[in-house]
Amino acid sequence: MDKNTRICIIGGGPAGLSAGMYLEKKGYENYTILERLDRVGGKCWSPHFNGRRYEMGAIMGAPSYYAVHDVEEFCGITHDGPQLSRKYKDQKGHIIEPFDPKKNPLKIPRLLKMKKQVKKFGELLETKYKGYDLNGHRGVAEGRYEGCSQQNADREPVSGENPNLKDLALPFSEFCRINGVELVQDIWVGPFTSFGYGYFDEIPAAYVLKYLDFQTCMNFIKINLWTWKEGTQYIWEQLNEHLKNPARLNSAIEKVERKDGKVYVTVNGEVEEYDKIIVTAPLYIPDKRADGQVGMVDYFDTREDERELFSKIDYERYDVMAIETTKKHHPEISYYVFDNMKRERIGHLMVYYRRWKDSVDQVITTYALRKHKDMPEVPYDVCKTRVLKDLWTMKNPAKKLVNEWSVYYFPHVFSEDYAAGWYDKVEGMQGKYDTFYAGEIMSFGDMDETAEYSRELVERFF
Ligand SMILES: Cc1cc2nc3c(=O)[nH]c(=O)nc-3n(C[C@H](O)[C@H](O)[C@H](O)COP(=O)(O)OP(=O)(O)OC[C@H]3O[C@@H](n4cnc5c(N)ncnc54)[C@H](O)[C@@H]3O)c2cc1C
């Protein structure tokens, strides 16, 4: 492609900003990033409180976050945040140690079985499911893998046939069952469901394992994780500052028309002309959201194939609150409540996060999911009341609500559409209509998978 191609990027989150970085690295400098809000970072949102920053969105990375590491290097920053730590409580607020055999003598047989299954799972992923951990979903539903290896920072291109990969379209619980490793769910659920990515009986295994590949899941267990002192938003603020063309904030896109090989974007009342457009903002939002966000199908001259495919996308209703407690009620550490990660306990507090060990005048953030595809959605206010009540049960009641957010989270498709080749159909449309699709739906809803997808998109098409 001509290096002077005029490229419009919609969205100034990790996907959009890293698309800008990788384009720039490849010699494309004629790009414009349009961001609807008055800040960059998207779901990496780190507001200030009492002189420090807390996390309303993304919290952590892992050593396998190679694309995020590219960004760190580009900006000269590093992951310098507070060490994460955690303990566990049951739904009644009692401290438990679910994985310690000494504390759970009756559970020893189950724990031993789980340990064996985790080992077996690691082996199966390396052999039977070779190619499972590449970024994106190209070929999976057809039993192929195609992309870049995520084993190390070199990210060598790899491809091959593996019919077993078709199993990844199954819900994760079913995938575990057919492989005789049901108990690994006890481990994977912590960093998956509590982080808002849905329940294992509804979410295709492909998503679970592209995010929590074996190596990354082990990093979670060992708490070998990264955080940033100024918050994850800082990574993207820094990237934005280092780009030749920083994002244009407060960009209200009214219309996008694609005709005669050009893309016309009406933004803040003016029509701008581009050659190509990369969409990292939501493609489809099935309901009317209180924050006014809409999907691209609502402001693009959407074509039939785009509308047909994108209307299959659903997303998680994931709620975050930042609360203040009294000194006496401040939790001594972050807590996971496994009981509340079951679908029967939908809309309850799953995790609460204490970020700063050295002070009790900072906020605690709480996390709850209120949607399962086969259950009625728990209304926002009901969920909020439940979580505040749960904090009482946990003996860490809130004194004051400081911030709250019900976020458009983890767009995905379900097993039937995954198996029917949703991803290959959308991948086949990349570049058609001078439009490229990136962001969370194309890979997975975490900082690194989205940035990595942008890297590969730039490699493949620009
Ligand atoms: C509570 C929470 C916890 C999380 N924890 C982690 C974690 O620990 N680790 C991790 O790696 N990830 C985590 N994530 C996920 C991670 O933040 C996201 O996956 C990542 O930010 C996705 O990047 P993105 O650029 O694809 O989308 P987004 O971050 O959503 O960015 C999209 C951008 O597009 C903008 N936009 C939307 N519509 C338009 C429009 N019409 N015009 C212009 N701009 C538009 C939005 O304002 C936004 O800035 C968490 C997220 C949340 C909410």
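Which element do the buried residues of α7 pack against? The legends below take up this and two further views of a predicted model, in which local features need pLDDT of at least 70 and side-chain atom pairs count only at pLDDT 80 or more, while totals for chains, interfaces and linings use all residues. Residues are numbered from 1 along each chain as its sequence is written.

**View A. The buried residues of helix α7 (residues 214-221).** T216, C217, N219 and F220 are buried, meaning that 20 or more other C-beta atoms, placed from the backbone, lie within 10 Å of their own. Because these residues cover an arc of only 155° around the axis, they sit on the same side of α7, the arc being that of the directions from the helix axis to the C-beta atoms. The buried residues of α7 pack against α5 (185-192), and just after α7, I223 takes a positive phi of about 55°. Helices (H or I, at least four residues) and strands (E, at least two) are DSSP runs, numbered from the N terminus.

**View B. The shell around the ligand.** The ligand is surrounded by 35 residues, of which G11, G13, G42, K43 and A58 are the closest; a residue is near a molecule if its C-beta atom, placed from the backbone, lies within 6 Å of it. At least two residues of this shell come from each of α1 (14-25), β17 (400-412) and α13 (447-461).

View C. An automatic or database assignment gives domain 1 (7-59 + 66-77 + 229-313 + 413-461) and domain 2 (107-221). The contact (C-beta atoms, placed from the backbone, within 7 Å) takes 19 residues from domain 1 and 22 residues from domain 2.

Notes:
Two residues are in contact if their C-beta atoms, placed from the backbone, lie within 7 Å. A residue is buried if 20 or more other C-beta atoms lie within 10 Å of its own, exposed if 12 or fewer, and partly exposed in between; C-beta atoms are placed from the backbone.
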